[in-house]
Amino acid sequence: MQEIFEKYIENSFDGHYQADFKLRQFDLNYKKYFNNSVTLKVLDIGVGRGEMLSCMKNWGHYYHGIDISPSTVEFCKKLDLSCELVDDTEFWLKNHQNQFDIITCLDVLEHIPKERLIQFVEAIRNSLNKDGLAIFQVPNLQSPFGYLHHFNDITHISGFVEHSLNQVLLSSGFKKISFHGFEEFYEKTQKVMIKKLLRYFFRKMIRFMRAINSNPNPTILDPVFFAIASR
């Protein structure tokens with residue numbers, strides 16, 4: 001997969017620009033976890049086109065990003081965002097232990113082979129300070145449409161539902177963990193309100209169908225979900 005990561009901006013995104021909708025979605029879903037009354041030291045792993053880095057910068061924190069893709073780092077540096085190219089994320093984290101208040105790891109864990117997952121997440125935990133927290137965002141394979149996110153990228157290897165991600169986080173040493181659906185609707189228009197209402201009834205139907213078939217019936221059905229894990 002190295003060929004894809006070398007030119008990840010070119011072959012995995014729809015252009016050399018930040019997605020405005022992502023900035024708004026991150027503001028809606030994640031800003032509340034960043035204490036804006038205090039300047040935090042924060043890290044983003046897997047910077048992509050830098051939307052989370054831009055949010056961290058706009059929220060007024062000491063931020064930095066790391067990525068294994070030369071193209072994503074080059075793109076973000078052109079936007080004057082603080083980031084660096086790393087050959088080995090785990091090695092970098094082991095050299096930066098107990099340093100960060102918040103680490104975001106968005107759309108990254110699905111790229112990590114299962115045999116490396118626990119040690120990768122453990123390295124993230126060890127890079128947090130004693131009161132730090134990590135945010136892990138992944139495609140939600142317990143969603144009826146989570147597969148569209150998971151299989152949209154050929155470099156995705158591991159898949160997650162709440163229970164399997166909880167297994168990884170607990171095995172990596174995290175103690176306090178909560179799971180949340182990633183809300184994609186950030187606008188407050190009449191059209192969005194109608195979509196949310198229809199979505200509510202659709203998900204009720206999904207839960208009913210799973211219940212009558214005695215299938216696992218998790219609460220979060222958003223196509224993407226995230227974990228908040230405290231050290």
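The model is predicted: local features need pLDDT of at least 70, side-chain atom pairs count only at pLDDT 80 or more, and totals for chains, interfaces and linings use all residues. Residues are numbered from 1 along each chain as its sequence is written, and side-chain values use heavy atoms, with hydrogens and water left out.

**Nonpolar cores**

A nonpolar core is here a set of buried Ala, Val, Leu, Ile, Met, Phe, Trp, Tyr and Cys residues joined through side-chain atoms within 4.5 Å. Buried denotes under 20% relative accessible area, exposed over 50%, and partly exposed the range in between (1.4 Å probe, protein chains only). The largest such core comprises 31 residues, and those with the most contacts inside it are Leu 109, Ile 124, Phe 136 and Leu 165. At least two residues of this core come from each of strand E1 (41–45), helix H6 (89–94), strand E4 (100–106), helix H7 (114–127), strand E5 (128–139), helix H9 (162–171) and strand E7 (224–230). Helices (H or I, at least four residues) and strands (E, at least two) are DSSP runs, numbered from the N terminus. H7 gives the most to this core, with five residues. A second, separate core of 26 residues includes Phe 34, Leu 133, Ile 135 and Phe 226.

Contact means heavy atoms within 4.5 Å. Not counting residues up to four places away in sequence, Phe 136 touches several residues, including Leu 109, Ile 124, Phe 225 and Phe 226.

**Strand pairing around E7**

Two strands pair if DSSP finds at least two bridges between them. E7 is mostly covered, with six of its seven residues buried. The table lists its two pairings.

| Strand paired with E7 | Sense | Bridges | Opposite residues |
|---|---|---|---|
| E5 | antiparallel | seven | Ile 135 and Ile 228 |

The buried residues of H10 are Val 192, Arg 203, Ile 206 and Arg 210. H10 is followed by Ser 214, whose phi is positive, near 55°.

Asp 222 lies in the loop between H10 and E7 and is buried, with a relative accessible area of 10%. Its side chain makes a polar contact with the side chain of Arg 203 at 3.4 Å. A polar contact is a pair of N or O atoms within 3.5 Å; within protein, one must be able to donate a hydrogen and the other to accept it, and residues adjacent in sequence count only if both atoms are side-chain atoms.

**Cysteines and Gly 65**

A search of the whole structure finds zero disulfides, a disulfide being a pair of cysteine sulfur atoms within 2.5 Å. For Cys 55, the nearest cysteine sulfur, that of Cys 76, is 12 Å away. The sulfur of Cys 83 is 4.9 Å from the closest cysteine sulfur, in Cys 76, too far for a bond. Cys 55 is buried at 4% relative accessibility, and Cys 83 is buried with a relative accessible area of 7%.

Gly 65 belongs to strand E2 (residues 62–67) and is buried at 0% relative accessibility. Leaving aside neighbours within four places in sequence, the contacts of Gly 65 include Leu 43, Ser 82 and Cys 83.
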